[in-house]
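Student: I've got a new model on my screen and I'd like to learn how to read it. Could you walk me through it, feature by feature?

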Amino acid sequence: MTFLPKPKLHHPELPRNALGLTRRDYEGAVSTLCAGCGHDSISAAIIRACYELALPPHRIAKLSGIGCSSKTPTYFLGQSHGFNSVHGRMPSVLTGAYLANRDLIYIGVSGDGDSASIGLGQFAHAIRRGVNMVYIVENNGVYGLTKGQFSATSDLGAKSKKGTTNRDQPIDLTGLALELGASFVARSFSGDKSQLVALLKAALLHPGAAFIDCISPCVAFNNHPGSTKSYDYVRAHNEAVNRVEVILPREPIAVEYAPGETVAVTQHDGTVLQLRKLGADYDIRDRAAALAFLAARRNAGEIVTGLLYVDPQAEDLHTHLQTVETPLNELEEDMLCPGATVLEALNQSLR
Amino acid sequence: MPKPLVRVNEFVVKFANINGSGSASANRLFARAILRMGVAATPRNIFPSNIQGLPTWYEVRVSESGHLGARGGVDLMVAMNPQTWDKDVASIEAGGYLFYDSTRLIPAQKFRDDITVIGMPLTAICNQEYSDTRERLLFKNIMYVGALSALLDIDVAELEKLISEQFKSKEQLIAANIHALHLGREYALKHWSCPIGLRVRRANTVGNRIFIDGNSAAALGAVYAGATVAAWYPITPSTSLAEAFERYCKRFRVDKESGKNRFAIIQAEDELAAIGMVIGAGWNGARAFTATSGPGISLMQEFLGLAYFAEIPAVIFDVQRGGPSTGMPTRTQQADVLSCAYASHGDTKHVLLFPEDPAECFAFAADAFDLAERLQTPVFVMLDLDIGMNERLTEPFRWPENRRYDRGKVLHFEDLDAGKEFARYLDVDGDGIPWRTYPGTHPKYGAFFTRGTTKDAFARYTEEGAPYVENMERLLRKFETAKTLVPKPVLHRASQESRFGALYYGSTSPAMEEAAELLAAQGITLDRMRIRAFPFDDSVKSFIDEHEFVFVIEQNRDAQMRSLLLIECEADPRKLIRVLHYDGTPITARYIAETIAEKITFSRVVPLRKALP
């Protein structure tokens, strides 16, 4: 961490987005995480993705649980409301917030301890309900804030800094998210900023439960030789299946690739996800194939990254619940209270 | 044999049935017919953790004088369950009546000679009349209601009317039920001299009161209060509250044009998620609630603390019941007082409301949402199974046409845009309640980061001790403010000055009222105060101070309210005398009166006025 406060002033020619905001308008407080922490790169990627999409910062709500990863919402989007909730319970708080106001953009930040251990249940149920959110797990395979215990995503055989070996099976959150019906599933690596920013942008525009598992090495407790979540290991075993490019409805499709190399996925809000395929026959609209592919590559010791699955016709929870278009938190007495006359009739029916 | 009981409009009928045999609706029909005759009747359903096969009882207290509490004892037992025969027969008052299915021969020693026995071959009649097994089972129930209408002189026209209302336009069902009703009635008229010593006489004591269960009333209160988000997990005895909310929402909250819902209800994966959703929705400016019971309260503890510290409105309906596991949980208790009052880790205190009946369930439900938003904190509405799941005669619901929701201190776009200063946890007004903003309000002003503790008045992260203490002190000031906003206790002064006081709350209310009459008849007078909320109004402490002894009547083992009074009012423990009832059945007037009389005698305190000989 740095102890120097960031100056508020910035270069007058700093580029501005469609809202007239600079990248600095999307920043938060100075990080207190360790220097070199993968989580800070993810915060930077979130800042860039939101800036590039020109999302109004105040229309974003950022929620988290407890842990190193859950501290990060303080370090991005300072103009957004944030909520540092309870360990492993961000998904329910986010779900409630989303029920109250369907018009905001929700970013849920969690870690592998927060989501794969204590909060596995809430993770699962928020995903299967189709809460319209970006759910990002900053996955370092270790408990950082309590100093180095294994987490549920630590690989079998992974060695801790103290030398003990993990004998428990790891949970692959992307595989789980696919099983649970997430309509957008991706994995990325905090060290691959261009991939991560593109995936975040795609996730932010996805009208359903978008899940990103982001491998994020812990420089303090899980970056040593023998760790499967270290910078070196992930770089050496990263297999990207595609490169994604997000095209908004207002933009012409400018990216051109040779035929056969790309696939364009149009979501029902008009956004287009243009994908440059890296893996040969990988179809991102095939949930079952994605699961099989993930399992096969895991057995080969590879970490698959990229957009693993997307359902362009995704529906969200409000669609399922058939709630009104107006956010529930904007409804007033006239829309909510049946009134005295109705009550008197009700009284009469109870006599 | 003692003389058979002769009572008009003042008796207790208990039905002993087998769960799942369809008796519930027939029994309900019986109770409602008496109500329609203008006589107060209070049913209590005692049911097992079971869908089919285990014993279940339905007790109807008929009381023209208006006593709605459980009395204790049975004057007429309708014994339809061989499993519980011995116990059921034993519970009949001397001189009382036993009505039973005489199809199967029951040995003579299984009866008592101090009661009147009325045996009707219900099964035999049904088997002769109906060939379908299901019909045989269901119409047997209607048939005994028919017989009882003759035996107790209940107006059969009221029963017919209720059947017609129940089945609305299904003519066939109406005719079949009315036929079964008359089969039973005719048999009784032919075989016995009707009515027996117990009878219902048309009266005018019901007035404009309504008949509804507390859970439905609370759910309706939530609809009226504008709750839009409900998250819950199924748990007896609170489930019917969430289900009633859904029912009322479908009736009153569906947009006519679009067919879309002005509500969102989530059956969560557990109580942790349920309260998490409520907190998320409250944080985001919607009125949200959960309905649960003791185990759910246990699971929600961590979140409740967060909501207290982060100052987020939330409404929790706790329909209290007996302890862990299954079985006792279908019985009533008031056993969550402490676990709610101090829910969570760290220094926490919560606002509790204690409704006495469905009318207050409705009113307090509505008030709870105003209080939660005004105080920015969780508010508990403490029902119990007795008022939650039993229908009760209660004052009609009221909603002043000009009533507006109190959404509390919220800075909106216009306020922020006009430059109004915003500091999330600053006590601007001196009442301990800070101002808040909803997410997404203004592009430049009003955003803040919500945390449990570890913050200063401007919601900035700090691990310093001083801002923590300052914040905790402000939360105490806020609790003082809460004291001025919650429902005041209700005081009933005895007809003459008394050294004794009684403090009670919730569903104990009707039994306590009646107990006071029973005690007065013995020359023991009591001043009574019904606690309706925590934090306690200052008058609660004065009430304790001005009496020599104060009985605290509760339905739990550990005298939880008494503990709360000792802690919060710093009362002298010797002054507060426990009167506890916690076997899972509702507390009775007889129990309260006997216990208090015994304690007074035991302590050799001479009553101010001796009972007349």
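**Reading the chain contact, a sheet and a helix pair**

Tutor: Let's start where the chains meet: 47 residues of chain A are in contact with 52 residues of chain B (contact means C-beta atoms, placed from the backbone, within 7 Å). Keep in mind that this is a predicted model, where local features need pLDDT of at least 70, side-chain atom pairs count only at pLDDT 80 or more, and totals for chains, interfaces and linings use all residues. Residues are numbered from 1 along each chain as its sequence is written, while chains are lettered from A and ligands numbered from 1 in the order in which they are written.

Student: Which element gives the most to the side of chain A that touches chain B?

Tutor: Helix 3 of chain A, with eight residues. Helices (H or I, at least four residues) and strands (E, at least two) are DSSP runs, numbered from the N terminus. By class, that side of chain A has 23 nonpolar, 20 polar and four charged residues. Here Ala, Val, Leu, Ile, Met, Phe, Trp, Tyr, Cys and Pro count as nonpolar, Asp, Glu, Lys and Arg as charged, and the others, Gly among them, as polar.

Student: And how do I read strand pairing?

Tutor: Strands of a sheet pair through backbone hydrogen bonds, either parallel or antiparallel. Two strands count as paired if DSSP finds at least two bridges between them.

Student: What is the strand order of the open sheet in chain B?

Tutor: Its six strands run 3-4-2-5-6-7, with mixed pairing. Strand 3 (41-46) and strand 7 (116-120) of chain B are at the edges with a single partner strand each, so one side of each lacks a neighbour in the sheet.

Student: What about packed helices?

Tutor: You describe two packed helices by the angle between their axes and the distance between the axes. Axes are lines fitted to C-alpha atoms, for helices over the stretch in contact, and angles run from 0 to 180 degrees between N-to-C directions. Helix 7 (residues 214-224) and helix 8 (residues 239-252) of chain B pack at about 45 degrees, axes 8 Å apart.

Student: Who makes that contact?

Tutor: Among them are Leu220(B) from helix 7 of chain B and Phe245(B) from helix 8 of chain B. The contact has 11 nonpolar, three polar and no charged residues.

Key
Contact = placed C-beta atoms within 7 Å.
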